[in-house]
Structure formats: structure tokens, C-alpha cells
Amino acid sequence: MTTFDYAPAPESRSVVKISSEYGHFINGEFVAGANHFPSINPANEEVLSQIALGSSADVDRAVKAARVAYEAVWSKMSGRERGKYLYRIARILQERAREFAVLESLDNGKPIRESRDVDVPLAAAHFFYHAGWADKLDYAGLGHAPQAHGVAGQIIPWNFPLLMLAWKIAPALATGNTVVLKPAETTSLTALLFAQVCQQADLPQGVVNIVTGDGSTGAAIVDHPGIDKIAFTGSTEVGKAIARAIAPTKKKATLELGGKAANIVFDDAPIDETVEGIVNGIFFNQGHVCCAGSRLLLQENVAEEILRKLKVQMAKIRVGDPLDKNTDLGAINSSAQLSKIRELSESGGSEGAERWSPECILPDKGFWFAPTIFTGVTQAHRIAREEIFGPVLSVLTFRTPQEAIEKANNTPYGLSAGIWSEKGSRILWASQQLKAGVVWANTFNKFDPASPFGGYKESGWGREGGRHGLTAYLKSSQLSHKEGGVNEDE
Ligand code: NAP
Ligand code: MG
């Protein structure tokens with residue numbers, strides 16, 4: 001059989017203009033920072049720009065601007081008027097979609113195919129969806145005229161920089177809150193481009209403030225007395241520190257933390273579709289996905305066939321230049337993350353699991369990790385328990401459906417899960433047993449702004465997206481102290 005190699009199909013980067021240095025976006029304008037750190041392209045280690053390191057004084061200015069904007073403008077504006085700004089932002093994101101996609105791939109390392117087809121369209125969809133809610137909050141199930149909290153402090157991770165910004169800013173603005181947002185240290189550039197979109201949309205000054213920086217900048221937001229609500233997405237470790245910091249205060253919080261999702265394959269699953277779903281579940285976004293299907297649970301009698309076909313599929317994954325339109329797996333976001341993936345993968349080998357990767361040539365510069373699977377994994381292995389947050393799949397087997405559920409739920413996390421089966425009754429039965437905020441059936445990693453997302457146990461508090469997500473940004477006498485009131489059986 002003749003095979004043809006793919007010709008390179010690079011997306012042009014001429015559509016983006018990156019300044020050599022950025023400040024913070026406070027009260028509608030860019031203000032210079034005192035100290036800076038570099039943001040690099042993880043695919044080749046090229047320095048893209050210098051990013052301002054936000055101090056507590058910068059955070060203070062931003063919180064004050066957000067407070068004035070809340071009191072003088074945003075809380076007084078009708079939902080209908082607020083909605084117009086959100087629609088405008090959504091449309092500008094669509095108009096500038098290529099620019100955002102290229103910039104995201106440069107700064108984050110994710111394939112252009114994903115930033116173009118997933119991150120940016122979903123970010124716009126979040127603004128469209130929440131624009132629709134802005135004048136309908138009376139119908140959100142929270143009673144008449146539910147009130148905003150005031151100023152929201154929002155801290156996001158590096159795996160979906162623009163999309164996580166949209167998950168945070170769209171519901172906050174729709175419900176009448178103003179925001180101070182901190183992007184992750186390694187991926188600030190699309191947030192800074194978003195600041196320009198706010199200017200382009202004539203958003204009133206101070207409604208959105210963006211302070212770049214590191215963990216200390218995030219902590220300054222958490223600790224600021226002028227913040228009414230924290231929305232955090234990131235690691236369980238930092239989430240716990242935030243919960244401790246705000247415990248003595250009246251601050252509300254939603255925490256979207258880590259995961260170690262089980263992707264369960266029953267023996268009646270459609271094999272070829274399932275194999276594709278497994279690949280998408282773990283190798284999408286280099287596995288830098290909190291809800292990744294990182295623990296594959298295979299029913300024993302189909303395990304061999306699935307693994308054989310999975311290896312064939314994995315050998316077809318194209319690893320390399322994130323800006324190439326044929327690339328499936330891009331760069332690991334940072335050298336720190338690469339070290340973490342390497343360390344956990346080495347523990348898999350030394351604890352006795354069997355490691356396999358397809359032959360693949362990795363670029364010399366930048367941060368890269370080949371798609372990897374471990375078979376013969378037991379529940380005690382670190383790679384079955386800890387979040388690797390990389391393109392590494394741990395494979396376990398089971399004999400009975402009950403055993404699958406027990407293994408799936410045997411984790412401190414509970415963000416997502418997947419079920420592959422042809423029987424509707426089995427899918428419904430299994431999804432009711434799984435302690436996970438999102439359960440996908442015969443698909444994986446599907447997101448929609450109308451669908452609430454969030455976890456059980458150490459995966460976090462509250463929900464983002466959908467009607468449930470609105471409740472985290474609104475005060476209502478009908479809710480319990482826990483945001484959204486949806487973490488029921490914890
Ligand atoms: P991380 O270290 O917790 O960082 C998340 C954000 O918090 C970053 O902006 C970070 O700033 C900031 N930060 C760090 N220390 C802080 C502190 N003490 N106080 C306040 N803010 C602080 O997480 P990560 O390693 O970047 O991201 C990966 C983790 O996020 C994974 O565990 C993943 O599961 C989780 N995640 C969860 C979801 C979800 O929806 N549940 C989505 C995506 C990722 P710096 O970047 O400057 O360190
Ligand atoms: Mg970067």
C-alpha cells in the first residue's frame with residue numbers, strides 16, 4: 001500500500017501583532033507594570049513578549065476601579081443594556097477568531113485545529129449564551145430580581161486561556177458583576193487581546209480589569225477585602241489554599257479543580273467509535289484537560305481488541321508544530337509541566353505498569369511528550385490516582401459492571417466520566433452510580449455553554465455554565481450557603 005506524507009500546512013502568524021511588552025488593563029486602559037517576566041512559545045522556546053508582574057498595589061487599583069464601575073454604572077444598567085455589550089463582545093470574538101486562534105496556539109502550544117475549532121468558537125458561544133440571560137434573570141429560578149454580588153475576583157489556568165476567561169467573564173457580566181481577572185503566568189496574551197476587545201466594544205471602563213502575574217498576584221486578589229466573590233479554576237492544592245484564605249470572610253467562591261476521569265468501556269460498545277473517543281478523551285489538548293478521560297476502564301473480554309486498535313490509532317497521531325493545520329498533538333505548555341508528566345510517567349514504569357508509545361520524532365527545541373499508554377495498571381499505582389495533566393493514559397480492566405463503577409469512583413476527584421455501551425439502560429444505570437459532575441455517553445470532551453460543568457469531592461465547589469452557573473454570581477434567599485446548591489451528595 002502506498003502512503004503519502006502530509007505536506008506542511010502552516011497557518012500564517014501575520015494576523016497577530018504581539019507587543020514586546022504589556023501592562024495591566026485597569027479602568028479601561030493599559031497601565032504600565034513595574035516588573036516583567038517573559039511569555040514564551042512552548043513549541044520553540046521563543047520569547048513572545050514581556051508580561052507585567054502584578055503587585056498587590058496593582059490588584060488594589062483594579063479592585064477599586066471594578067467597585068466604582070459596579071456602583072456607578074454596571075449595577076444600575078438594565079439587563080437588556082448589559083446584554084448588548086455581551087453580544088457585541090461575542091461578535092467581535094467571531095470577527096477576530098483567526099487572530100485569537102493563532103495567538104492562543106503560539107502562547108499555549110495547542111494545535112491550531114483545536115484553538116480554531118474549539119477554544120475560540122466556544123468562547124464566543126459563552127458570550128452569546130450569557131448575553132441571552134442578561135435580561136431574563138427573573139426566570140433563572142432564583143426569585144424576582146436576583147442581585148449581583150459586586151466585584152468578582154477571577155483566577156484561571158493555562159490549559160484553555162481564552163475559553164476559561166469566557167467561562168468566568170461572560171456569566172459575571174451577564175449577572176451584573178464587575179471583574180478583576182488574572183490569567184495564568186504562561187498564557188496571558190489572549191487575555192490581553194481580550195482587553196482590546198473590551199475597548200473595541202466600548203465596554204464601560206472598570207467593568208473588566210485584567211491584572212497579569214503569578215501566584216502571588218492571584219493570592220493578592222483572593223485576599224483583597226474589596227472582592228465579593230472568587231471564581232477559581234486550577235489545581236486542587238491552590239483551590240484548598242483559597243478555601244482556607246476566605247473561610248473567615250464573607251467571600252463566596254466557586255472552585256473548578258482537578259480530575260482523574262474514568263472512561264468506561266463495556267463489552268457491547270461500538271469498538272471503532274470507542275477507540276476514537278478514547279483518543280479524543282486523553283489526547284485532546286495534549287491531555288491538559290481537567291476532565292480528560294485519563295483512566296481507561298476496559299471490560300476484560302474486549303480489552304485486547306480495544307488496545308490493539310488503540311495503538312493503531314495512536315500511531316497516526318501527528319505530533320509537532322502547533323500552527324500546522326495537520327497537527328493533532330502540540331507542545332506541552334511549560335517545562336515545569338513537562339517535568340511533572342515525566343516524573344509521574346517514570347513512577348508508572350517503576351511501580352510495574354507497562355509503558356508504550358508509538359514511534360514518533362519530537363522536535364529538538366520546545367517541550368514535547370509522545371502520546372503514551374500504560375497497561376497493567378492497578379488502582380494503587382500513582383498513575384491511576386494522581387492527575388498527570390498530559391498525553392498519558394492509564395489502562396485498567398474490569399469484569400462486571402459493578403466492579404467498573406467501584407473502580408471509577410475510587411478517586412478523590414469527581415469531575416467527569418465516560419461510558420461506552422450500546423445499551424441505553426446500562427448507560428442510565430452507570431451514569432446514576434458515577435460520582436462525577438459530567439458524564440458523557442458514547443462521546444467525550446463535549447462542551448456547551450448551556451450545560452453546567454463542575455465536580456464532586458476534591459474536584460471543586462459549584463457549577464459553571466447553564467442556569468446553575470448563573471446562581472454562583474447572584475444572591476438569592478432560595479439558595480443554601482453552598483453556591484448553586486448542586487453538590488448534593490457529598
Ligand atoms: P494552579 O497552579 O492552581 O494555577 C491556576 C491559577 O492560579 C493560575 O493563574 C495561577 O497563577 C494561580 N495561582 C497559583 N498560586 C496561587 C495562589 N496561592 N493563590 C491564588 N492564585 C494562585 O493550576 P495549574 O497547574 O496552572 O493548572 C492545572 C490544574 O488546573 C490541574 O490540576 C487541572 O485539573 C486544573 N484545571 C481545572 C479545570 C476545571 O474546570 N475544573 C480546568 C482547567 C484546569 P500562575 O499561573 O502564575 O501560577
Ligand atoms: Mg506562553
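Below is a short chat about a predicted model and the surroundings of its ligand.

Reader: What are the ground rules on numbering and confidence?
Author: Residues count from 1 along each chain as its sequence is written, while chains are lettered from A and ligands numbered from 1 in the order in which they are written. The model is predicted, with local features needing pLDDT of at least 70 and side-chain atom pairs counting only at pLDDT 80 or more, while totals for chains, interfaces and linings use all residues.

Reader: Which residues come nearest to ligand 1?
Author: Glu185, Gly215, Gly218, Gly234 and Cys290, out of 27 residues around ligand 1 (near means a C-beta atom, placed from the backbone, within 6 Å).

Reader: Which gives the most?
Author: α7, with four residues. Helices are DSSP runs of H or I, at least four residues, and strands are runs of E, at least two, numbered from the N terminus.

Reader: Which domains supply the shell?
Author: Domain 1 (24-256 + 453-483) and domain 2 (262-441) each supply at least three residues; the bounds come from an automatic or database domain assignment.

Reader: Switching topic, how many helices and strands are there?
Author: The protein has 15 helices and 19 strands.

Reader: And what share is buried?
Author: Buried residues are 54% of the 490 (buried: 20 or more other C-beta atoms within 10 Å of the residue's own, all placed from the backbone).

Reader: What are the box dimensions?
Author: Along the principal axes, the C-alpha atoms fill roughly 65 × 50 × 35 Å.

Notes: A residue is buried if 20 or more other C-beta atoms lie within 10 Å of its own, exposed if 12 or fewer, and partly exposed in between; C-beta atoms are placed from the backbone.
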